[in-house]
Amino acid sequence: MRLAAALGAALVLGGCVTTPTRPELLAPSGARAKSLERDGQLRPALLEWKVARAIDPNDAEARANEARLTARIEGLVATKVGDARAALQRGAPLQARQALLSALALDPSNSTAAELLRGIGDIEFASYTVRTGDTLASIAERYYGDRTRAEVIWATNRLPPGKPLVVGAVLRIPEIRGVPFYALGRTPPATVGAVTLAPRAPERPAAPPPPDEPPEINPLLADVRDAVDRKEFASALADLDRFLADNPRDREGNELKKLALYRQGQKAYDDKKYDDSYRSLTLLAKLQPDYEDSAKLLQQARREVVDRHYQEGIRLFREEKLPEAIAEWKMVLDLEPQNANARRNVEQAERLLKGLEQRKSR
């Protein structure tokens, strides 16, 4: 009875742990949704509006924005599926695959995109380490027997325009259906029926790479890359850590680790596993703080972690679990030392806990 009365008095007098009103609950979701949409993250933005609608199904702003964003996403998905069909017709399965993956990122349940992607199947890649004098055209001729395929390698590796290749950089060379692919230990594949690229000019006969310069492929790293593509991040990172322990300066291994951490953090965020996302992206930031959009994603994950632990602290406080509530708010302060509400709540809960312990000892 004394504990309940003390907690009630603390809630009334302290004024720092109060039950939020419905508009106060809606405001964070709406703000996050608008910020995410400005950053181009449409699906997470739509999920935030859905959260707002769950809080208040009658909120006009949440209802209107959910409908608007749903229509926008549907339009973008239809465009990307159309782009994929056009890419398949001109014999560019890699570009089609990228468009379909983008469509599924916006709408994972889209059956048309999923069916088209299954039809393309997996695309085989070889790894090649750039040497002095290499150009995209010379590498394309080496693997495809056709210098005009240089653009495929450029697009696959997202290389900056107009920049020379960096000696020692590791490139991914994709197989193109219907085009001979001279990877190590392989013979040219037969032409695949409907999905083919335009025929090459006869004056450019295909020729295998010189036998004294085979493509450099590490089987372990190839397996790791496949694991990352399958979203088996834990096993991929474990294999990478073992590999990098013996080869700490290996460029491809280090790049693969960044990619695995980034995609692991991205997926955990999409799955609302914000603590896991924050951990992965924090490790990535130690390797390369400016990796793609990881800095922005890390900030968003951190905000979600802070909000979750703060609200969990309030829940535990109301259940009279003071030590547990204090622990949650201290986690908030570890991530956000300037959080005045969490600091005030910790101080109040500690005072209350000390007073209760003193009463018990009398």
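A crossing of two helices is left-handed if the near helix is turned anticlockwise from the far one by less than a right angle, and right-handed if clockwise. The crossing of helix 11 and helix 12 is left-handed, and this report looks at that pair and its surroundings.

The structure is a predicted model, in which local features need pLDDT of at least 70, side-chain atom pairs count only at pLDDT 80 or more, and totals for chains, interfaces and linings use all residues. Residues are numbered from 1 along each chain as its sequence is written, and side-chain values use heavy atoms, with hydrogens and water left out.

**The whole chain**

The chain has 15 helices and 2 strands. Here helices (H or I, at least four residues) and strands (E, at least two) are DSSP runs, numbered from the N terminus. Of the 362 residues, 40% are buried; that word means under 20% relative accessible area, with exposed over 50% and partly exposed in between (1.4 Å probe, protein chains only). A contact means heavy atoms within 4.5 Å. Among the contacts with a separation of 6 or more, 59% join residues 24 or more positions apart.

**How confident is the model?**

The predictor's confidence in each residue is its pLDDT, from 0 to 100. The chain averages 77, and 79% of the residues score at least 70. Among the elements, helix 12 has the highest mean pLDDT (91), while helix 1 (residues 2–14) has the lowest (44). Over residues 1–15 the pLDDT is below 50, and this stretch has 20 contacts beyond near neighbours in sequence. The pLDDT is also below 50 over residues 185–217, a stretch with 68 such contacts. Where pLDDT is low, the predicted coordinates should not be read in detail.

**Helix 11 and its two partners**

Axes are lines fitted to C-alpha atoms, for helices over the stretch in contact, and angles run from 0 to 180 degrees between N-to-C directions. Angles under 35 degrees count as roughly parallel, over 145 as roughly antiparallel, 65 to 115 as roughly perpendicular and the rest as oblique. Here are the two pairs:

| Pair | Angle between axes | Axis separation |
|---|---|---|
| Helix 11 (residues 251–270) and helix 12 (residues 274–287) | about 155° | 8 Å |
| Helix 11 and helix 13 (residues 294–318) | roughly 40° | within 11 Å |

Helix 11 is therefore oblique to helix 13, and it passes helix 13 in a left-handed crossing. On the helix 11 side, Tyr262, Gly265, Gln266 and Tyr269 make this contact, meeting Ser294, Leu297, Gln300, Ala301 and Glu304 of helix 13. These residues divide into 4 nonpolar, 4 polar and 1 charged. In this scheme Ala, Val, Leu, Ile, Met, Phe, Trp, Tyr, Cys and Pro count as nonpolar, Asp, Glu, Lys and Arg as charged, and the others, Gly among them, as polar.

With helix 12, by contrast, helix 11 is roughly antiparallel. The contact of helix 11 with helix 12 has 9 nonpolar, 4 polar and 3 charged residues.

**Two residues of helix 12**

Serine 280 sits in helix 12. Its relative accessibility is 6%, so serine 280 counts as buried. Not counting residues up to four places away in sequence, serine 280 touches Leu261, Gln264 and Gly265.

Leucine 287 also lies in helix 12, but at 41% relative accessibility leucine 287 counts as partly exposed. With residues up to four places away in sequence left out, leucine 287 touches Lys257, Lys258 and Leu261. From C-alpha to C-alpha, leucine 287 and asparagine 254 are 8.7 Å apart in space, though 33 residues apart in sequence.
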